[in-house]
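Here is my note on the model you sent.

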Amino acid sequence: MTEPVGTADLPAPTARTADWWREAVIYQVYPRSFADANGDGMGDLPGVRTRLPYLRDLGVDAVWLSPFYASPQADAGYDVSDYRTVDPMFGTLEDAIALIDDAHRYGLRIIVDLVPNHCSDQHEWFQRALREGPGSRLRERFHFRDGKGATGEEPPNDWESIFGGPAWTRTKNPDGTPGQWYLHLFAPQQPDFNWDHPAVRDEFASVLRFWLDLGVDGFRIDVAHGMVKADGLPDLAGLEQTKLLGTNASPSFDQDGVHEIYRSWHTILEEYDGQRIGVAEAWAPTLARTANYVRPDELHQAFNFQYLATDWDAHALHTVIDDTLRAMRAVGAPATWVLSNHDVTRHTTRFANPPGLGTQIRTPGDRDLGLRRARAATLLMLALPGSAYLYQGEELGLPDVTDLPDDARQDPAYFRAAGQDGYRDGCRVPIPWTASGSSYGFGAGGSWLPQPVEWAGLSVEAQSGQEDSTLELYRTALEIRRAHPALGAADNLSWHPSPPDVLIFERATDNGPAFLCTVNLTGAPVTLTPPGRLLLASAGVTLTAGQAVLPADTTAWWTTTP
């Protein structure tokens with residue numbers, strides 16, 4: 001075994017691009033599950049603030065915070081009742097400001113979630129629309145429609161909610177009689193805004209400026225593809241109903257009219273210094289359609305869900321990497337890679353199961369296999385050109401918790417028939433910080449979802465300083481990624497010939513060392529000629545007699561001498 005070279009032999013890191021977001025590593029914090037400062041069992045903003053040094057030392061560039069706005073929590077904060085206040089569950093507006101300021105002092109940027117497709121049914125506008133009844137001007141800011149049938153007893157069209165059941169709920173008139181229906185692509189407690197109404201556009205322009213004035217560095221835009229619907233809200237006419245993270249064509253999603261909104265938001269972001277950005281959560285049918293969201297006058301990044309959903313397969317990964325780089329190159333945008341988030345089964349568990357099961361998996365699978373592949377997949381992702389997103393706890397190798405009791409679940413989709421699986425709670429279990437304690441260091445008052453006993457050995461405390469731990473693998477990988485001159489934003493990937501089910505690519509510079517990545521996606525060791533000096537590997541690589549033996553499901557990083 002040869003020890004990795006590390007960063008000692010690399011040139012001092014330099015700023016390779018003026019556009020920080022083109023190569024940033026951004027860490028998603030799901031606030032209710034990250035750290036609990038007040039001991040009520042629910043994570044909060046002061047808890048996040050106490051853990052900023054950890055994130056700085058991990059080596060990330062920015063933090064994306066899932067919603068912390070005022071909300072009845074029908075969908076874990078993605079049902080917002082007031083976009084300018086913090087829900088008391090998470091703290092106060094002063095806590096948010098302190099978090100933003102502290103993050104900047106630590107050299108971290110802050111991206112906040114924005115939920116513009118829908119709000120809470122407790123939002124002031126929607127409540128007034130219900131009270132005032134048909135003819136209310138507030139109803140024009142949503143999608144209220146008369147029903148079909150002799151008495152309006154049928155929904156206005158055949159759309160289904162992402163969470164299951166009809167995408168329409170019938171209201172009662174102020175006099176108690178059956179009334180109009182309103183559209184909600186998600187839960188009934190999340191009515192969709194009508195983005196054709198100027199008041200909606202003006203309101204969100206104001207919300208953007210409110211948070212930009214407080215210092216946030218950007219917005220992750222929830223359901224970025226959903227705000228504009230096809231004219232007339234037509235029936236699906238044989239098209240497939242849309243599922244969570246689905247990429248099928250639909251009259252409810254990925255309509256061309258949404259891009260006018262993002263061009264106006266781009267203008268607002270440009271009014272502020274510090275390179276503020278917009279990030280699209282856009283489920284589009286093709287990578288070319290995804291690229292439309294990151295044209296030069298629109299948003300800056302778009303999550304690559306095609307990559308996230310790709311199985312552990314050499315041909316499939318080679319194809320999606322090439323297709324991604326080609327699509328983003330056409331619009332001058334960076335690729336944005338991601339393996340896990342709060343809506344999908346963690347990639348440690350996805351890769352522990354047979355291929356083809358999708359992104360919502362209920363079985364634990366072979367956990368050793370899953371962790372081995374997940375570590376290799378992370379090194380592959382971090383070696384690619386562009387930006388990368390990490391989801392809290394993946395640096396600890398956390399699996400999904402697949403055996404949560406039914407009475408502990410809170411995912412609204414779990415309680416609605418015929419929806420997506422509704423097992424997102426498994427990736428949202430609070431993460432472990434210490435090897436002991438009632439919630440493994442999450443907080444003094446337990447945790448809102450039960451944590452498995454194995455969390456002790458996977459905690460930050462248990463893994464810190466352990467050379468072969470997943471946490472130290474992430475720390476070292478992020479250090480190398482920042483230091484190596486061939487990594488980051490540069491569009492410089494070229495493929496090398498490789499054995500079956502092995503990927504080899506190079507990223508070169510004009511006058512510095514080249515970087516090479518080798519990925520063994522087989523279930524057996526593979527012997528290769530070393531393409532340079534070993535920097536890092538997801539499992540032990542044996543170097544002997546001028547050959548390198550990569551274990552099964554292993555990624556290795558190499559560097560050349562300039």
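This is a predicted model: local features need pLDDT of at least 70, side-chain atom pairs count only at pLDDT 80 or more; totals for chains, interfaces and linings use all residues.

1. Helix α14. This helix covers residues 470-483, which is 14 residues. From first C-alpha to last it reaches 20 Å, close to the 20 Å expected at 1.5 Å a residue. Is it enclosed or open to the outside? Ten of its 14 residues are buried, so α14 is largely enclosed by the rest of the structure. The buried residues are T470, L471, E472, L473, Y474, A477, L478, I480, R481 and A483. Note that E472 and R481 are on that list.

2. The α11 and α14 pair. Helix α11 spans residues 367-382. Its axis comes within 10 Å of the α14 axis, and the two cross at roughly 10 degrees. Angles under 35 degrees count as roughly parallel, so α11 is roughly parallel to α14. On the α11 side, the contact is made by L371, R375, T378, L379 and L382. On the α14 side, the partners are T470, L473, Y474, A477, L478 and R481. The residues of this contact divide into seven nonpolar, two polar and two charged.

3. Helix α5. Residues 198-213 form this helix of 16 residues. The span from first C-alpha to last is 23 Å, close to the 22 Å expected at 1.5 Å a residue. Which of its residues are buried? They are A199, V200, E203, F204, A205, V207, L208, W211 and L212. G215 follows α5 and has a positive phi, near 110 degrees.

4. Cysteines. How many disulfides does the whole structure hold? The search finds zero. A disulfide is a covalent bond between the sulfur atoms of two cysteines. C119 has 0% relative accessibility, so it counts as buried. C427 is buried too, with a relative accessible area of 1%.

5. Positive phi at Q73. Phi of Q73 is near 65 degrees, a positive value in a residue other than glycine. Q73 is placed in the loop between β3 (69-70) and β4 (82-86). Is Q73 buried or exposed? Its relative accessibility is 17%. The cut-off for buried is under 20%, so Q73 counts as buried.

6. Positive phi at A545. A545 is another residue other than glycine with a positive phi, here near 50 degrees. The loop that holds A545 runs between β19 (542-544) and β20 (547-550). Its relative accessibility is 76%, so A545 counts as exposed.

7. D425. This residue lies in the loop between β13 (387-391) and α12 (455-458). D425 is buried, with a relative accessible area of 1%. Which residues does D425 touch, not counting those up to four places away in sequence? They are L404, R409, Q410, D411 and L449. P412 is 13 residues from D425 in sequence, and the two are 9.9 Å apart in space, C-alpha to C-alpha.

8. K229. Look for K229 in the loop between β9 (218-221) and α6 (258-270). At 7% relative accessibility, this lysine counts as buried. Not counting residues up to four places away in sequence, K229 touches N117, H143, W159, L183, L185, D192, F193, P251, S252 and Q255. K229 and D256 are 27 residues apart in sequence. In space, C-alpha to C-alpha, K229 and D256 are 9.3 Å apart.

9. N520. Strand β16, residues 515-520, contains N520. Its relative accessibility is 1%, so N520 counts as buried. Leaving aside neighbours within four places in sequence, its contacts are W312, D501, V502, P525, V526, L550, P551, A552, D553 and T554. How far is N520 from A508 in space, C-alpha to C-alpha? The two are 21 Å apart, with a separation of twelve residues in sequence.

Note on methods: Residues are numbered from 1 along each chain as its sequence is written. Side-chain values use heavy atoms; hydrogens and water are left out. Helices (H or I, at least four residues) and strands (E, at least two) are DSSP runs, numbered from the N terminus. The expected span of a helix is 1.5 Å times one less than its number of residues. Buried means under 20% relative accessible area, exposed over 50%, partly exposed in between (1.4 Å probe, protein chains only). A disulfide is a pair of cysteine sulfur atoms within 2.5 Å. Axes are lines fitted to C-alpha atoms, for helices over the stretch in contact, and angles run from 0 to 180 degrees between N-to-C directions. Angles under 35 degrees count as roughly parallel, over 145 as roughly antiparallel, 65 to 115 as roughly perpendicular and the rest as oblique. Contact means heavy atoms within 4.5 Å. Ala, Val, Leu, Ile, Met, Phe, Trp, Tyr, Cys and Pro count as nonpolar, Asp, Glu, Lys and Arg as charged, and the others, Gly among them, as polar.
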